[in-house]
Amino acid sequence: MDLNYLFISLTPSWTSVAMLIGYFLYLATVGSILPGKLVPGATLSDGTRLHYRCNGLLSLLLLVLLLGVGSQMNLVSPTAIADRGLELLSTTFIFSVLVTLMLYLVGLNSRAKSSSLKPHVSGNLIHDWWFGIQLNPEFMGIDLKFFFVRAGMMGWLLINLSVLAKCVIEAKLSQSMILYQLFCGLYILDYFFYEEFMTSTWDIIAERLGFMLVFGDLVFIPFTFSIQGWWLLSNKVELTTAAIIANCLVFLIGYSVFRGANKQKHVFKKDPKAPIWGSPPKVIGGKLLASGYWGIARHCNYLGDLLLASSFSLPCGISSVVPYFYPIYLLILLIWRERRDEARCAEKYKDVWAEYRKLVPYRILPYVY
C-alpha cells in the first residue's frame, strides 16, 4: 500500500468526527430513555453499588433499524463505515487519548471519598493515565465504563454490517463472508441479550477506567475484531462442505462452553444455592463454585472464548495469518490473564483457593495442568 495513500486514509476528517459524535450522542440518549432491566452492580468497599440499565439489545436493534431505513431513503450510505475505516480508526484513537487525559486530570483533582470516584494516584503519570485513577467515573449521570464497552461491541457489529453491504454491492459475497458475519452477529446479539452478565465481570467491578480500558473498548474491539471481514472483502476463500460443518461445530461448542460457564458464575453470585446442571452446587469454603464448568477447569470460560475467536477466523482459510490476529492475541492475553487471576485469587482466598486447586487441578483445558 502506498504510504501517502495510507497517511491520507488515516487522517481524520470532519465527517468522521461527526459520525463518531453522532454515534455517542445516540447511545447516550437511547441508553437513558429506552426501557431496560435495572441491574444492581457489585457491592463496593464502602457498601455502595451502582445500578446499570441493561437496554443494549433494544438500543442496538433500534439503531440498525434506523440505519436500514435511512439507507433505503438514501439518507445514509450503508458503506459509510467501510469506506472510511482507517479514518474512523484514527479518529477514535485520538478520542481515546483525549478522553483519558481528561479522566486523568479530573480524577487527579477529585476530592471524592466514595469507592467509585475516590482517586487512586501512584504518582507515575503514565501508569495512572494507562490504568486510570477512578473506578467508575461518570459524565452527565452516565457510567462511562459501561458506556464505552457497549459502544465498542455495537461498533464491531456496525463495522461488520457496513463491510457486508460493501461486499454485496461489489458482488463479492461468499460462503466465508456469510459464515463470519453469522457467527459474529450471533455472538454480539447474545452479548447484549445477556448484557447484565457484564456487570459481574472483573473489568466492571475492579478495573479503574484509564487508557487501557477505553482504547480496548473503543478501538481494539471494533477495529481489530473485524479484521476477518476486511480481509474477506479483498480475498476469496472457497470452503468445502466438511470445512463449513467443522467451523459450525467449533462455534457451537465454543458458544456452549463460553456462555454456559459465564452464566453459571453469574447465577451463582446472585444465588449461591441455585442448581448447576440439575444438582445442588458444590461450593468450596462458601465462596468458590466447583460445579458445572467450574468443576472441570478453573477458567473453562477462557476455553470457550478461544474456540469462538477461532470460529470467527476459520472461514478465512489458512492461506494467511492476518485473519488469525484475534485468536492469537486472545490466546496470549488469556494465558497472561489466567496467571494474573491465579495470583489474585490465591491472595484473596488463601487456603480456600488452595483447596479449590486440589479439587479442580486443570487451568483452562480439561486434563491439562
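Mentor: Sort the lining of the largest cavity by residue type: 6 residues are nonpolar, 2 are polar and none is charged. Keep in mind that this is a predicted model. Now the names. Leu 44, Leu 50, Ile 204 and Ile 205 are among the lining residues. Ala 42 and Tyr 52 belong to the lining too. So do Gly 41 and Asn 136. The space inside the largest cavity is about 50 Å³. The count of cavities of 30 Å³ or more is 1.

Next, the aromatic rings. The whole structure holds 31 aromatic pairs. One of them joins Trp 129 and Trp 130, edge-to-face. Their centres are 6.4 Å apart, and the planes make an angle of 70 degrees. That angle counts as edge-to-face because it is over 60. Trp 130 has 35%, so it counts as partly exposed. The cut-off for buried is under 20%.

Last, a loop. Ser 174 sits between helix H7 (144–169) and helix H8 (175–193). Its relative accessible area is 17%, so Ser 174 is buried. A polar atom of the Ser 174 side chain lies 3.2 Å from the backbone nitrogen of Met 177.

Terms used
Residues are numbered from 1 along each chain as its sequence is written. This is a predicted model: local features need pLDDT of at least 70, side-chain atom pairs count only at pLDDT 80 or more; totals for chains, interfaces and linings use all residues. Side-chain values use heavy atoms; hydrogens and water are left out. Helices (H or I, at least four residues) and strands (E, at least two) are DSSP runs, numbered from the N terminus. Buried means under 20% relative accessible area, exposed over 50%, partly exposed in between (1.4 Å probe, protein chains only). A polar contact is a pair of N or O atoms within 3.5 Å; within protein, one must be able to donate a hydrogen and the other to accept it, and residues adjacent in sequence count only if both atoms are side-chain atoms. Rings of Phe, Tyr and Trp (its six-membered ring) pair if their centres lie within 6.5 Å; planes under 30 degrees apart count as stacked, over 60 as edge-to-face and the rest as tilted. On a 1 Å grid over the protein atoms alone, a cavity is a set of points where a 1.4 Å probe fits but cannot get out, and a pocket is an open set with protein on both sides within 12 Å along at least five of seven lines; lining residues have an atom within 4 Å of a point. Grid points are joined across faces, edges and corners, and a volume is the space filled by probe spheres set on the points. Ala, Val, Leu, Ile, Met, Phe, Trp, Tyr, Cys and Pro count as nonpolar, Asp, Glu, Lys and Arg as charged, and the others, Gly among them, as polar.
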